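Trainee: I have just opened this model and would like to learn how to read it. Where shall we begin?

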Amino acid sequence: MATNPAVNTAVPRRRRREAETRLGLVRRARRINRILAETYPDAHCELDFGNPLELLVATILSAQCTDKRVNMVTPVLFAKYRTAADYAGADRAELEEIIKSTGFFRAKANSIIGMAQALCESHEGEVPGRLADLVKLPGVGRKTANVVLGNAFDVPGITVDTHFQRLTRRFGWTAETDPVKIEHEVGELIPKSEWTMLSHRLIWHGRRICHARRPACGACPLAELCPAYGTGPTDPEEARKLVKAGPFS
């Protein structure tokens, strides 16, 4: 069957790249980080908090929930529970009612109460500033621990959430799917002092431009450096329609 030459039926393909050396990968990763720093100079944790305990609680609540929803819940929560002892002795039904809209509220209540009890029993009610101590708390994994370390204690940490995983694979920084392995591989590409801000920048970029289903490739400042360019629309006008404005807090 003859085809109409005036109709472009081609689907944009991902850009082919020649084999990349280790040095080339490091240089490209750091250039991407620099461009993201210029693109998102105000990147930050989008959970509202005033101290390490509030951030720890908010991060637990953020599992399978948007930061925006968590921030709608925490003003009431933080006003009622001000210390680890308050959470440790909380009435479960009252706590669950406050956090219900964040989803999985029973499991989250268990984690918060258990975490607070552990703080009171082992850390005099204070949130520890070491990864090894944080991950021993109920409901606290490496991702949550790194959020707290990086944003409440200024200890560099890589937060491997769904956006971070998606973008680092698209960038060709890693082929791993295990969050811990991704954390270590990316950590070898980027200076440690940049880890926390890199996490924020990738999360912001994933929420605004590099979406899971239809990334706005034609409006992306990283187009020339991204092996996955062409995954989404490359036409600038079409791509700009996909860009989402922040904030996402």
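Mentor: Let us begin with packing in this predicted model. The buried residues of α5 pack against α2 (52-61), α3 (67-80) and α6 (105-122). Here a helix is a DSSP run of H or I with at least four residues, strands being E runs of at least two, both numbered from the N terminus. Contact means heavy atoms within 4.5 Å.

Trainee: What should I know about the numbering and the values?

Mentor: Residues count from 1 along each chain as its sequence is written, and side-chain values use heavy atoms, without hydrogens or water. As the model is predicted, local features need pLDDT of at least 70 and side-chain atom pairs 80 or more, while totals for chains, interfaces and linings use all residues.

Trainee: Which residues of α5 are buried?

Mentor: A residue is buried under 20% relative accessible area, exposed over 50% and partly exposed in between, using a 1.4 Å probe and protein chains only. In α5, which spans residues 92-99, the buried ones are L95, E96, I98 and I99. Looking down the axis of α5, these residues fall within an arc of 160°, so they line one face of the helix. The arc is taken from the directions between the helix axis and the C-beta atoms.

Trainee: And which exposed residues sit on the face turned away from the buried side of α5?

Mentor: A93 and E97 are the exposed residues carried by that face. An α-helix has 3.6 residues a turn, so residues three or four places apart point the same way.

Trainee: At what angle do α2 and α8 pack?

Mentor: α2 and α8 (residues 142-152) pack at about 150°, and their axes are 10 Å apart. P52, L55, L56 and T59 of α2 form the contact with T144, V147, V148, N151 and A152 of α8.

Trainee: Is N33 buried or exposed?

Mentor: N33 belongs to helix α1, residues 22-39, and counts as buried at 5% relative accessibility. Leaving out residues up to four places away in sequence, N33 touches I190, E194, L198 and R201.

Trainee: What does Q165 contact?

Mentor: Q165 lies in helix α9, residues 162-170, and is buried with a relative accessible area of 16%. Beyond its neighbours within four places in sequence, Q165 is in contact with V160, T177, P179 and I182.

Terms used:
Axes fitted to C-alpha atoms, helices over the stretch in contact; angles between N-to-C directions.
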